[in-house]
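Please consult the sequence and the structure shown below alongside the text.

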Amino acid sequence: MATAGPRSFTAAEVRARCAQGACLVSCHRRLYDLSGFVRLHPGGEQLLRRRAGTDVSAALDGPPHRHSANARRWLEQYYVGEIEPGDEQSLSETLDEKELVAASQTPEQTDLCYRTVNVEKDLVDWQKPLLWQVGYLGEKYDEWVHQPVDRPIRLFHSDILEFLSKTAWYVVFMVWTPVVLYLSWVSYTSLAQGKTRLFASFTTEYSIPVHKYYFPFIFLLGMILWSLLEYLIHRFVFHMKPPASNYYLITLHFLLHGQHHKSPFDSSRLVFPPVPASLVIGFFYGVLRLLLPEVLGLSIFVGGLCGYVIYDMMHYYLHYGSPKKGTYLYGLKAYHVKHHFEHQRAGFGISTRFWDYPFRTLIPEETFKKED
């Protein structure tokens with residue numbers, strides 16, 4: 001039985017769908033339905049909406065921004081058919097004002113079907129949990145995991161484990177914010193007793209009293225130390241390159257972070273689940289207890305915990321938020337998306353780019369400029 005060829009669309013049909021709120025673009029006669037992607041577009045939704053119903057070949061090549069191979073591969077997931085011969089020229093013009101207003105409206109539903117991943121040619125079986133498959137990819141794993149797709153990932157056979165591996169962004173805020181507030185109160189009131197002294201375990205005569213007024217500065221120190229820890233974990237743990245021959249390290253890498261790079265817009269896997277997070281947080285609290293006086297260590301710890309909550313919230317926002325053009329968050333979002341799609345070995349800062357400077361892993365600014 002012969003396989004049906006790609007569906008053909010006339011320019012008039014494309015414009016009619018865009019006028020109804022769909023976001024279709026063409027590239028050298030190939031037609032793509034980006035209706036489900038516009039809100040995630042790193043350059044902003046309106047930038048993509050303005051391109052609806054047009055040919056984006058020149059925009060992909062730049063200037064001002066040449067799209068990476070991963071971005072072009074990502075685009076292919078939304079392929080729906082071909083523009084009829086002779087009609088491609090009529091899509092070179094942008095939409096008029098009336099059509100643009102219509103295109104900015106969210107469509108009720110589109111009947112076009114795009115493929116989220118080519119399951120026949122991919123190296124894993126997407127109908128089964130991926131965690132136990134990726135270890136067999138060997139030397140192909142590193143390239144495969146850094147070719148992102150737009151589809152959710154299932155890790156485990158067990159429904160319970162699968163549920164525990166997913167977390168909505170607001171759960172992190174709801175779980176850890178009360179802990180931060182309570183520990184902040186405990187730290188401050190403990191310092192207010194005037195019994196905390198630095199270096200008291202070594203000398204009484206030269207020990208330094210730690211007053212309650214120092215708490216905000218100690219808290220801030222904890223947040224700064226967290227930003228450094230965030231960078232180091234992201235770079236040296238999450239972005240370790242597991243040996244191709246080690247099934248277990250590949251599996252561990254995919255569990256910790258590889259899954260996020262494979263499916264960067266899976267909204268249920270953008271923040272750390274509270275159960276494993278509590279184990280890691282408990283470990284770092286124990287380290288501080290060993291190194292510093294109890295109250296001082298707790299004050300630094302609670303600042304770091306607050307930094308972690310901000311980090312998780314910001315990470316979600318960098319994927320799903322729509323920051324205003326020209327703001328700090330707009331630039332940070334562009335920076336982070338570049339890390340996913342083009343510079344996986346650089347740009348490790350999430351909540352701040354600061355540590356990328358001294359460690360020389362900064363993504364050059366000219367590589368993530370966006371169109372007006």
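## Annotated transmembrane spans

Residues 213-233 are 90% helix and 0% strand, with 32 Å between the end C-alpha atoms. Helices (H or I, at least four residues) and strands (E, at least two) are DSSP runs, numbered from the N terminus. For residues 298-318 the end C-alpha atoms are 30 Å apart, and this span is 100% helix and 0% strand. Both spans belong to the UniProt annotation "transmembrane region" (unreviewed entry), which covers residues 168-188, 213-233, 270-292 and 298-318. UniProt positions are given in the numbering used here, feature names are shortened, and annotations may be inferred rather than shown by experiment.

## Basis of the model and overall fold

The model is predicted: local features need pLDDT of at least 70, side-chain atom pairs count only at pLDDT 80 or more, and totals for chains, interfaces and linings use all residues. Residues are numbered from 1 along each chain as its sequence is written, and side-chain values use heavy atoms, with hydrogens and water left out.

The protein chain contains 13 helices and six strands. Of its 372 residues, 48% count as buried; buried means under 20% relative accessible area, exposed over 50%, and partly exposed in between (1.4 Å probe, protein chains only). Among contacts (heavy atoms within 4.5 Å) between residues at least 6 apart in sequence, 73% join residues at least 24 apart.

## Packing of α8 and α11

Two packed helices are described by the angle between their axes and the distance between the axes. Here, axes are lines fitted to C-alpha atoms, for helices over the stretch in contact, and angles run from 0 to 180 degrees between N-to-C directions. Helix α8 (residues 169-192) and helix α11 (residues 274-291) have axes that come within 11 Å and cross at roughly 45°. The helices α8 and α11 are therefore oblique to each other; angles under 35 degrees count as roughly parallel, over 145 as roughly antiparallel, 65 to 115 as roughly perpendicular and the rest as oblique.

The crossing of α8 and α11 is right-handed. A crossing is left-handed if the near helix is turned anticlockwise from the far one by less than a right angle, and right-handed if clockwise. On the α8 side the contact is made by Val 171, Val 175 and Trp 176, and on the α11 side by Pro 274, Ala 277, Ser 278 and Ile 281. These residues comprise six nonpolar, one polar and no charged. In this classification Ala, Val, Leu, Ile, Met, Phe, Trp, Tyr, Cys and Pro count as nonpolar, Asp, Glu, Lys and Arg as charged, and the others, Gly among them, as polar.

## Packing of α12 and α13

The axes of α12 (residues 294-320) and α13 (residues 328-341) cross at roughly 80° and come within 9 Å. These two helices are therefore roughly perpendicular to each other. From α12, Met 314, His 315, Tyr 317, Leu 318 and His 319 meet Leu 329, Leu 332, Lys 333, His 336 and His 340 of α13. The contact of α12 with α13 involves five nonpolar, four polar and one charged residue.

His 315, in helix α12, counts as buried, at 6% relative accessibility. Its contacts, leaving aside neighbours within four places in sequence, are His 260, Leu 270, His 336 and Ile 350. The C-alpha atoms of His 315 and Lys 333 are separated by 9.0 Å, with the two residues 18 apart along the chain.

## Histidines in loops

UniProt lists His 41 and His 67 under "binding site" (unreviewed entry). Although spread over 27 residues of sequence, they cluster in space, with a largest C-alpha distance of 12.5 Å. His 41 occupies the loop between β3 (30-33) and α2 (45-50) and counts as buried, at 13% relative accessibility. Apart from neighbours within four places in sequence, His 41 is in contact with Leu 47, Leu 48 and Lys 333. His 67 is found in the loop between α3 (57-61) and α4 (69-75); with the neighbours within four places in sequence left aside, His 67 contacts Ala 59, Leu 60 and Arg 72.

His 146 lies in the loop between α6 (141-145) and α7 (159-164). With 10% relative accessibility, His 146 is also buried. Not counting residues up to four places away in sequence, His 146 touches Asn 70, His 239, His 261, Gln 344 and Arg 345.

## Arg 360

Arg 360 is located in the segment after α13. At 79% relative accessibility, Arg 360 counts as exposed. Its phi is near 60°, a positive value in a residue other than glycine.
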